[in-house]
Amino acid sequence: MRILIIGGTGLISAGIVKHLLLRGADITLFNRGQRSTKPGAASLPGEIRQLVGDRNDFDVFERRFAAERFDVVIDMIGFTPQQAMSSVRAFRGRCEQFIFCSTVCVYGSKISSHAIIDEQFPRNPVSEYGRNKKVCEDLLLDADARGDFRTTIIRPSSTYGEGGRLIDNLEFDPVAWDRICKGLPVLCAGDGLGLWNSTHRDDVGKLFAHAALNPVTYGEAYNATTERIFTWRDYYREAAAALGTTAQVVLMPASWIIDHDPARFGLLREITQFHGPYTSVKARHDVPHFSCDIDFRTGAQRTLNAIRAANTWRSSDNDPLYQAMIDKAQSIGVRPIEA
Ligand SMILES: NC(=O)c1ccc[n+]([C@@H]2O[C@H](COP(=O)([O-])OP(=O)(O)OC[C@H]3O[C@@H](n4cnc5c(N)ncnc54)[C@H](OP(=O)(O)O)[C@@H]3O)[C@@H](O)[C@H]2O)c1
């Protein structure tokens with residue numbers, strides 16, 4: 001099985017590569033070569049072929065693959081319709097299956113009419129990221145319908161793991177973990193009972209690796225998540241336990257937090273203020289090897305340890321805004337609760 005991964009040295013692709021190697025795949029990675037020198041970057045087995053280039057350099061990218069044929073192309077780094085159209089030009093007639101890494105942000109779920117979001121949920125994205133992914137999905141499914149190649153769409157939700165960050169409710173690279181280690185309270189939006197699921201990248205990687213050349217997945221879209229749905233209070237409690245302590249949480253309205261710095265709290269504005277409970281029953285049915293085996297506390301511990309080992313731990317010192325927000329909340333009588 002010859003496989004090309006566009007953007008193959010990232011967080012989720014590390015999980016995909018691990019499971020493709022177990023399947024004995026012949027793997028080629030295409031990326032700009034900016035990761036291998038970063039602290040904490042994993043070294044790749046020698047049998048993996050690595051190509052360096054920028055997928056946004058469309059002419060060069062498309063010519064680069066004109067003489068190659070792969071069984072499967074996995075696109076981990078497609079965000080715009082222009083990139084999706086370039087992929088169709090590059091791989092039309094040159095691969096059997098094209099697996100596109102999308103996102104659950106295509107659902108939007110601003111108003112959740114279903115408690116649990118499966119692939120039948122209407123796609124109504126609330127962010128530019130989600131809207132662009134939706135257009136990419138449609139362009140690639142059109143290519144499938146025309147017979148350019150067979151397309152499979154995979155939609156991860158929040159995915160974490162060694163080599164990446166562990167989000168909190170507010171930020172992609174939170175100060176919360178350092179504050180929790182120092183016994184300081186942290187912020188969470190609403191009543192902390194928003195629904196969420198977070199999946200370790202090794203589990204997500206399993207779905208990509210075993211969807212490859214699985215004809216049942218052709219023309220289909222799949223969520224790629226654990227079935228464990230928890231609240232943000234659970235999330236903070238289990239992440240704190242991974243750090244060997246407890247979390248004191250100050251609950252404030254999402255809009256109040258966002259208004260203090262809309263750019264900094266963009267994760268909350270666009271994603272985490274909404275419920276994020278997904279089911280991947282369809283993936284488990286069609287790709288029987290897909291199972292999620294890494295519990296959140298274990299995965300969080302591995303991720304946070306890796307961040308420390310890479311010396312990329314975010315300190316909460318010199319963050320007057322966050323402390324001022326906590327002080328302001330407490331001055332109006334909001335007391336921290338133990339998550
Ligand atoms: N992580 C999550 O929570 C999450 C949730 C839902 C969906 N997703 C989706 O998952 C996908 C991958 O996310 P990730 O977090 O695993 O990615 P990531 O860790 O940021 O990795 C990105 C990969 O793409 C390469 N790359 C970046 N720009 C490139 C370019 N212009 N040309 C060629 N290669 C390029 C990077 O290597 P170089 O820098 O060396 O080029 C790296 O190999 C994305 O499509 C994202 O939308 C992620």
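User: Let's start with the open sheet of three strands: what makes its order, and what kind of pairing does it have?

Analyst: This is a predicted model, and in it the order reads E8-E13-E14, with mixed pairing.

User: Why are some strands of that sheet called edge strands, and which ones are they?

Analyst: E8 (186-189) and E14 (337-338) get that label, as each of them pairs on one side only.

User: How do you know that E13 and E14 count as a pair?

Analyst: Pairing takes at least two bridges between the strands. E13 (residues 248-252) and E14 are joined by two bridges, so they meet that cut-off. The two strands run antiparallel, and Gln 248 sits opposite Glu 338 in E14.

User: On to the sheet of seven strands. What is the strand order there, and how do they pair?

Analyst: The order is E3-E2-E1-E4-E5-E6-E11, it's an open sheet, and the pairing is parallel. Its edges are E3 (49-52) and E11 (220-224), each pairing on one side only. On average, neighbouring strands in this sheet are turned by 20° against each other, ignoring direction.

User: What makes E1 and E2 a pair?

Analyst: Five bridges join E1 (residues 2-6) to E2 (residues 26-31). The requirement is at least two, so E1 and E2 count as paired. They run parallel, with Ile 6 standing opposite Phe 30 in E2.

User: Which strands does H1 lie across, and how does it run relative to E1?

Analyst: H1 lies across E1, E2, E4 (70-75), E5 (95-101) and E6 (150-156), and it runs at about 170° to E1.

User: Which elements supply at least two residues of the shell around the ligand?

Analyst: Helix H1 (11-22) and strand E7 (158-160) each do that. H1 gives the largest share, three residues. There are 22 residues around the ligand, and Gly 7, Gly 10, Ile 12, Asn 31 and Arg 32 come nearest.

User: By class, what does the shell around the ligand look like?

Analyst: It has 12 polar, six nonpolar and four charged residues. Gly counts as polar here, so Gly 7 and Gly 10 go into that class.

User: Which residues meet where H3 touches H4?

Analyst: From H3 you have Pro 81, Ala 84, Met 85 and Val 88, and from H4 Asn 132, Val 135, Cys 136, Leu 139, Leu 140 and Ala 143. By class, the contact of H3 with H4 divides into nine nonpolar, one polar and no charged residues.

User: And what angle do H7 and H11 pack at? Why isn't that called parallel or perpendicular?

Analyst: H7 (residues 232-242) and H11 (residues 296-309) pack at about 55°, with their axes 8 Å apart. Roughly parallel needs under 35 degrees and roughly perpendicular needs 65 to 115, so H7 is oblique to H11. Their crossing is right-handed.

User: Which residues make the contact of H7 with H11?

Analyst: Glu 238, Ala 239, Ala 241 and Ala 242 in H7 meet Phe 296, Arg 297, Ala 300, Gln 301 and Leu 304 in H11. That contact divides into six nonpolar, one polar and two charged residues.

Terms used. Residues numbered from 1 in each chain as written. Predicted model: local features only at pLDDT ≥ 70, side-chain atom pairs only at ≥ 80, totals over all residues. Near = placed C-beta within 6 Å. Helix = DSSP H or I, 4+ residues; strand = E, 2+ residues; numbered from the N terminus. Axes fitted to C-alpha atoms, helices over the stretch in contact; angles between N-to-C directions. Parallel < 35°, antiparallel > 145°, perpendicular 65-115°, else oblique. Left-handed = near helix turned anticlockwise from the far one by under 90°. Contact = placed C-beta atoms within 7 Å.
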